[in-house]
Structure formats: structure tokens, C-alpha cells
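Work through the exercises below with the sequence and the coordinates at hand, and try each task before reading its solution.

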Amino acid sequence: MSGDLEPGLSRELVASQFDGRLGGGRAATLRKGRRPMVTTDEHLNEYEQDTALRARAARVLPGGMYGHQSAARLPEGFPQFFSHGEGSHIWDVDGNEYIDYMCSYGPIVLGHRHPGVERAVAAQAAEGDCFNAPTERIVELAELMTGLIGHGDWAWFAKNGSDATRFALQVARAHTGRSTALRGERAYHGWGSTWMSGAAGMTPADAGFQLPYTYNDLASVRAAADAAGDDLAAVVVSAVEYDASGNWTLPDQPFVRGVRDLCDATGAVLVLDDVRAGFRLDLGGSWASYGVEPDVSAYCKAIANGYPLAGVVARRELEEAAGRFFATGSYWFSAIAMAASIATITTLQETDGVAHIGRAGTLLREGLDAQAHAHGTAIRQSGPVQVPALSFLGDDPASMEVPRAMMFTSEAAKRGVYLHPTHNWFLSTAHSDEDIERTLAVTDVAFARVKEAFGDG
Ligand SMILES: Cc1ncc(COP(=O)(O)O)c(C=O)c1O
């Protein structure tokens, strides 16, 4: 009987993944000992409800959907609507189940509906969420974060990463009394006019007072700083950035040291955008292992396991500037997200969550490398294993011409593994060895399909 299963997919594993979760059809098929759906075209996902919802959405939402989920950006086989999640798994509105490697584009760091976080949320909800002023959770959370992050003397909270990066830059400008910020030429720091200069609907003035540099190229930072002259307010650096050749990359040590020295020499503020990688790479901040501290850091994604919260931590010297301008939002002080954040960060601390995420990410990366090699498919894996990225050398990720990645992720989605063709992926503490093993059974098929279609892999 075991010969009926694909290599690497034990009957116990299949049973543990499917029992009690699938409808009778698929479960019955597996019990009969036939091949699991992941390796055939017989049991691919179906998207009836999703299609119906898309038609309704097309009438009432701009373009049918916006942002990452706009239909034009999703490969075939990607549902647009989900219904629920548990741990590392999510279900779409048609009941199709996926192992989730996007983690809601980052916020889900402990898995969906983590019991400890949900308990903290329920306890806070029983007291209330949104008052005229914050609850004591804001002080507890600020104490927790400043206790963990070396340069954190005070903390500030809002809702989205864009709030945090914008606030950090405004603090830097208020502190220095200068205007010009240096930023990575391909960096994404949020959707607002501060960062998206040149986008439709922005004015030429929105592009003002910013100069680009090339990530990991200290000479380009120095040249931009020279151009800014005595108006240099801030150097903004992403903890992980997309480089010109399509790699997701961490900064190297000389670059980190060099921007720190440059800021010290010029009086500019060093802003770390840790929205994407923060609390996945290191609880002390994504630069902790470099032995170099920024002046201010922006956080969001992983700090509250999916509850809406952004945070900034900064050095004492910047506190006075933060008090010199008015900043608030209707929901910035709501207590539930802060309670969720305290539970999330405490759980990461107590369970060595970062190490677990790293281990799962390493297993996935090694498995994908071995498969690509076996198929003779040329891929590049980049970025830290906790926020990994995969691209095909035959594609051109820098210009978003990625037919191989589109096919690979589409074939995976139709078989119950949710990846992304161009964005980096996210691992969580909920990803188990079994998840990775089952994922690799699917990606093996996806690699084979890409190879069949493109020859070069
Ligand atoms: C590095 C970085 N900075 C800022 C942001 C903006 O965060 P948000 O979408 O929560 O506004 C993002 C979002 O993906 C990000 O990756």
C-alpha cells in the first residue's frame, strides 16, 4: 500500500493532515490508499463561492479589489476570499484548505487564532476596547518593548506600518530641524504620500526632500548625504530590502556600521524600518545581532499576531521632538490590540519563537533547494529564512516578468499550499515539520510543471 504514496509523504502524515478536516470525498479517497490529491490533477481546489463573491465585489469595490489582492496581481488558483484560519492553516470561502506561507503578509507570527493571544483578547474584550484614553495595557506594552529593544527608551503606538514609518520620519525632522531623508531606491515604507512619491494622485511636491541610495552600497549613501548637505534629517533603512537583481537581502555589517557612523558625523537620525522583519528575526530588533543600534525603529506586522497595531521605539533624545507635533488616530489607543501584543511578544519570548520560526524556514529552504536541484531547475532563494523568497533564474523579478513563479505558486495554491510569486513569504511558530513535509510534496509537483512548461525550469 505504501507504494501508492508519493516519496516523502508517509501514510501517518497524510492521515494527520487530513483526518477530520476534509470532506468525505477526499478523506475517503485517502483511506482507500490512493494517491493524495496533492500529486494529481484529480482533486484540485474548486472556487465556486470565490467566483461568485468576486462578481459581487466587482460591482462595489474599485477594480473588484485593491492592494496586494487586486485580481490582476493574483495567479490563477489563488482565492480572493478566506473564511477562517487555525495555526498554520487557512480556509477559503469554498472550504479549500491551505498551508499558509504569507501569514496575512506578516502579522500572523504565532499562527492563526493562537490560544494564548485569543485568551488575552477575550479578557480585554470583556472589559472594553476603545475609551477616551488608553488602558494600562499601553504602559505595560511600552515597558515590554523598551525592555527588549536596545535603543528603546520610549514607545509610541498606532495602527499600520505606514503610521509608524511616517511618525519616525516626522520625529527625525522635528528633532533635527532639517528636511531631507535618504531612502533605499527600491524600499517600500508604506502607502502614504510621504513614501509613494510619483504614484497616481500624488503631487510633485510629495517627492520632495527625499534622496535615494542603493541598499548595501555605502558609497551611494555617502553621495546622497553629500547632496543633502546640511539639510540631512534622516537615513531610513529597511531591515530587509529588495535589491536591483531581485534578491531579498539583509544589510551587510559594513553598511550598517557605515550608516551609523554617517548619522553620528552629520547629526542625522538613523531610522530602521523593521515593519516587515521585526519580531521574526530577533526580539531585540533586526539589527541587534550587528551590534549597531538605530535611533528609532518602526514596527507593525508581527507585534500583535494579527490584531491591528503598529509601534515605534526610540532613544530618549528624540522624545522631546515627538511631543512637539500632534498625532492621533480614532483607534490608536484601543486596548485589545495592545493586550494581543503583550501576549504575542511574551509567548515569543517564553517559547523561543524566533528559533522555531528559523528552524521551519530552514527546513523549507533546504527542501526547496534539493527539489530544484533534482528537477534541474535554476532558482534563487534569498532573504532571511523567517521571511524567505524564491525566484526562478529564467524569470525577471526586477521587472515583474515572472511566468515561472506565477505557474509554480498557482500549481501550489491549487493543491493547498499558499505561497506568493513575487513577495517574500512569512513563516510562523505554528509551521510544523509535517507542514513543511506536506508542502514539499506539493512543490515537487509544482517544480515538475514549471519544468515541463519552460524546459529551463
Ligand atoms: C518594510 C515595510 N514598511 C512599511 C510597511 C507599511 O506597513 P502597512 O502596510 O501596515 O502600512 C510595510 C508593509 O508591507 C513594509 O513591508
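The exercises that follow concern a predicted model, and they move from domains to individual side chains.

**Exercise 1.** Describe how the protein chain is divided into domains, and state how far apart the centres of domain 2 and domain 3 lie.

*Solution.* Begin with the assignment, which gives domain 1 as residues 1-43, domain 2 as 45-112 together with 353-454, and domain 3 as 130-333. Then take the centres over C-alpha atoms, which places domain 2 and domain 3 at a separation of 28 Å. The contact between these two domains draws on 24 residues from domain 2 and 19 residues from domain 3.

**Exercise 2.** Characterise the interface of domain 2 and domain 3 by its buried area and its polar contacts.

*Solution.* The size of an interface is often expressed as the accessible area lost when the parts come together. Here domain 2 and domain 3 bury about 1,800 Å² between them, with 55% of that area on carbon and sulfur atoms. Next, count the specific pairs: there are zero salt bridges between domain 2 and domain 3, whereas 13 residue pairs are in polar contact across their interface. On the side of domain 2 that touches domain 3, helix 11 (353-375) and strand 13 (379-382) each contribute at least two residues, and the residues of that side comprise 15 nonpolar, eight polar and one charged.

**Exercise 3.** Decide whether the side chains of Asp261 and Arg257 meet in a salt bridge, for which the N to O cut-off is 4 Å, and locate the pair in the secondary structure.

*Solution.* The N to O distance for Asp261 and Arg257 is 3.2 Å, and their side chains do meet in a salt bridge. Both residues belong to helix 8 (residues 253-266), where they stand four residues apart, about one turn of the helix. A search of the whole structure finds 16 salt bridges.

**Exercise 4.** Find which residues are linked into a cluster by ring pairs, and describe the surroundings of Thr135.

*Solution.* A search of the whole structure gives 16 aromatic pairs, and ring pairs join Trp154, Trp156, Phe167, Phe325 and Trp332 into a cluster. Turning to Thr135, this residue lies in the loop between helix 4 (115-127) and helix 5 (137-148). Leaving aside residues up to four places away in sequence, Thr135 touches Gln124 and Ala335. The C-alpha atoms of Thr135 and Ala122, 13 residues apart along the chain, are separated by 15 Å.

Methods: Residues numbered from 1 in each chain as written. Predicted model: local features only at pLDDT ≥ 70, side-chain atom pairs only at ≥ 80, totals over all residues. Heavy atoms only, no water. Phe/Tyr/Trp six-rings, centres within 6.5 Å; stacked < 30°, edge-to-face > 60°. Domains from an automatic or database assignment. Contact = heavy atoms within 4.5 Å. Buried area = accessible area lost by both parts, 1.4 Å probe. Polar contact = N/O pair within 3.5 Å; in protein donor to acceptor, adjacent residues only side chain to side chain. Nonpolar A, V, L, I, M, F, W, Y, C, P; charged D, E, K, R; others polar.
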